[in-house]
Amino acid sequence: MRITSDLHPAMFFCALILLSGSSSPAAAQLPEPRSSLSGVYTEEQAQAGAEIFGNICSNCHNASYPLWGTKFMGMWSGQSLWKLYEFLSTRMPYGDGGGLTPEQYRAVTAYVLQRNGYPPGDTPIPETPLEIAFINFDPHP
């Protein structure tokens, strides 16, 4: 698997700092790159995201402004999942960017993955930005 060149520059900088200041090999380990096609969210996480979407996001995101489909996938796939998560968590909902909890943003991200046909897995979208940055938002084959 590859790590896309679109990872957030701050994530690489933080990783380099961690690696350079580490005294033990275990502390220097970076997350394994994963593909969004391998199940990077849970069904429960996506269900929670669907509820949040219905209560908050659907006020703006509907058939006219969807978070799914060809146009949406053209904007986000092929990058790190961090790009989408960071966009959602800093700019949404409109007029109250950052107004949800990190857990709610991860749930909405899981719902967006589900709506775009990505399979659920056994573990939720991780809590740390670095781990999210190592998930490739791969296009469907």
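A: Histidine 61 sits in the loop between helix 2 (43–55) and helix 3. The model is a predicted one.

Q: Is histidine 61 buried or exposed?

A: Histidine 61 has a relative accessible area of 18%. The cut-off for buried is under 20%, so histidine 61 counts as buried.

Q: Which residues is histidine 61 in contact with, leaving aside its neighbours within four places in sequence?

A: Histidine 61 is then in contact with Phe53, Leu67 and Met92.

Q: Turning to the largest pocket, which residues lie nearest its centre?

A: His61, Tyr65, Pro66, Leu67 and Met92 lie nearest the centre of the largest pocket, and the lining is made up of 22 residues. Leu67 and Met92 are also among the contacts of histidine 61.

Q: What is the volume of the largest pocket?

A: The volume of the largest pocket is about 530 Å³.

Q: And which helix gives the most to the lining of the largest pocket?

A: Helix 3 gives the most, with four residues. At least two residues of the lining come from each of helix 3 (70–76), helix 4 (81–91) and helix 5 (102–115).

Q: How many residues of the lining are nonpolar, polar and charged?

A: The lining of the largest pocket has 19 nonpolar residues, two polar ones and one charged one.

Q: Changing topic, what does the secondary structure of the chain come to?

A: The chain has six helices and three strands. Along the sequence, these follow the pattern α-β-α-α-β-α-α-α-β.

Q: Where does serine 80 lie, then?

A: Serine 80 is in strand 2, which covers residues 79–80. Serine 80 is buried, with a relative accessible area of 1%.

Q: What share of the chain counts as buried?

A: Of the 141 residues, 38% count as buried. The chain exposes about 7900 Å², and carbon and sulfur atoms supply 57% of that area.

Notes
Residues are numbered from 1 along each chain as its sequence is written. This is a predicted model: local features need pLDDT of at least 70, side-chain atom pairs count only at pLDDT 80 or more; totals for chains, interfaces and linings use all residues. Side-chain values use heavy atoms; hydrogens and water are left out. Buried means under 20% relative accessible area, exposed over 50%, partly exposed in between (1.4 Å probe, protein chains only). Accessible areas come from the Shrake-Rupley method with a 1.4 Å probe; for residues, only the protein chains shown count as cover. On a 1 Å grid over the protein atoms alone, a cavity is a set of points where a 1.4 Å probe fits but cannot get out, and a pocket is an open set with protein on both sides within 12 Å along at least five of seven lines; lining residues have an atom within 4 Å of a point. Grid points are joined across faces, edges and corners, and a volume is the space filled by probe spheres set on the points. Ala, Val, Leu, Ile, Met, Phe, Trp, Tyr, Cys and Pro count as nonpolar, Asp, Glu, Lys and Arg as charged, and the others, Gly among them, as polar. Contact means heavy atoms within 4.5 Å.
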